[in-house]
Amino acid sequence: MFDEKPIISKWVADIYDQKVTETEDVDFLLSVIGNEPKRVLEVCCGSGRILIPLAKAGHTVIGIDADTFMLDKVSAKAAGLEKIEWHKADAVHDDWGSGFNVVVLADNILYNIVSDMDYKKAQELFIKKAASSLVPGGYVYIAYSPGGYNITKPGQSQSHKDNGSRVVWEGTDNDGNYGKMILLPGSFNAETSLNSFSRRFELTFANDGKISQDIDCVKHFATLEQIHGWLSDAGFIIELECEGFDKKTINDESCEVIIYAQKK
Ligand SMILES: C[S@@+](CC[C@H](N)C(=O)[O-])C[C@H]1O[C@@H](n2cnc3c(N)ncnc32)[C@H](O)[C@@H]1O
């Protein structure tokens, strides 16, 4: 019998690596960090989409992630690079290290944290841990876009008006297993600001056999105001705050924010 979880995780890692190849956010991050070489921690670095360009730009980088299938992909991409390290860690429970000039919380990780901890607490903890692992004067970089929810008006969704299922990914992993990840309709609880939904994985294996598994997900929608409060409590001062890579001013309709904040 297949151990279903690992085969799904492996499929996800392969498909993520094949399909998520955008560079616009990476270029923006590099421009914000600047050219001077820095010691950078990327929390939840996945398969290295951001970590590798950071190292190629001359920064000394450390990446942590809980998913070994994702991390397994980093070494081939890091060939020839010297100032790069990565290791498996649960970013909620494990230590992040210290002495960093920049901590990167990119690609909406504040919304997408996977944890057994209360999600709101885990989000606040990420900001506290960023502060603890930075040198004085260091920066946290946050790219946050909570699933189409308006960041200034709690609970108002811009993009979740249709409640049907949709295929998010479809493809064949590096072992020849074909599959789909389908997002099933979810619900938003205005009291708790928790968004609950399931992802359905339907895989057809290269060597015969199929599985379908629903994996429940819960995400906490934090408002911009909450993020401001957590940053302030952790001793950060916001230096840059904008919507998108063309640096639009945040307004009442904004569903995403990029923040670059300095630890006092
Ligand atoms: C969507 S991927 C993004 C990877 C990378 N930052 C990028 O932009 O390509 C999110 C990653 O967060 C990791 N992750 C989520 N919660 C985590 C946790 N509590 N500890 C460590 N890694 C976590 C997942 O394993 C996954 O690799």
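The sections below take up the model, the helix pair and the ligand site.

## Model

This is a predicted model, in which local features need pLDDT of at least 70, side-chain atom pairs count only at pLDDT 80 or more, and totals for chains, interfaces and linings use all residues. Residues are numbered from 1 along each chain as its sequence is written, and side-chain values use heavy atoms, with hydrogens and water left out.

## Helices α7 and α8

Helix α7 spans residues 119-133 and helix α8 residues 224-233; their axes are 9 Å apart, at an angle of about 45°. Helices are DSSP runs (H or I, at least four residues), numbered from the N terminus. Axes are lines fitted to C-alpha atoms over the stretch in contact, and angles run from 0 to 180 degrees between N-to-C directions.

The contact (heavy atoms within 4.5 Å) is made by K120, Q123, E124 and I127 of α7 with Q226, I227, W230 and L231 of α8.

## Ligand site

The ligand is surrounded by 19 residues (a heavy atom within 4 Å), and the closest are Y16, E42, D65, A91 and V114.

A polar backbone atom of A66 is 3.1 Å from a ligand nitrogen atom.

Methods: Helices (H or I, at least four residues) and strands (E, at least two) are DSSP runs, numbered from the N terminus. A polar contact is a pair of N or O atoms within 3.5 Å; within protein, one must be able to donate a hydrogen and the other to accept it, and residues adjacent in sequence count only if both atoms are side-chain atoms.
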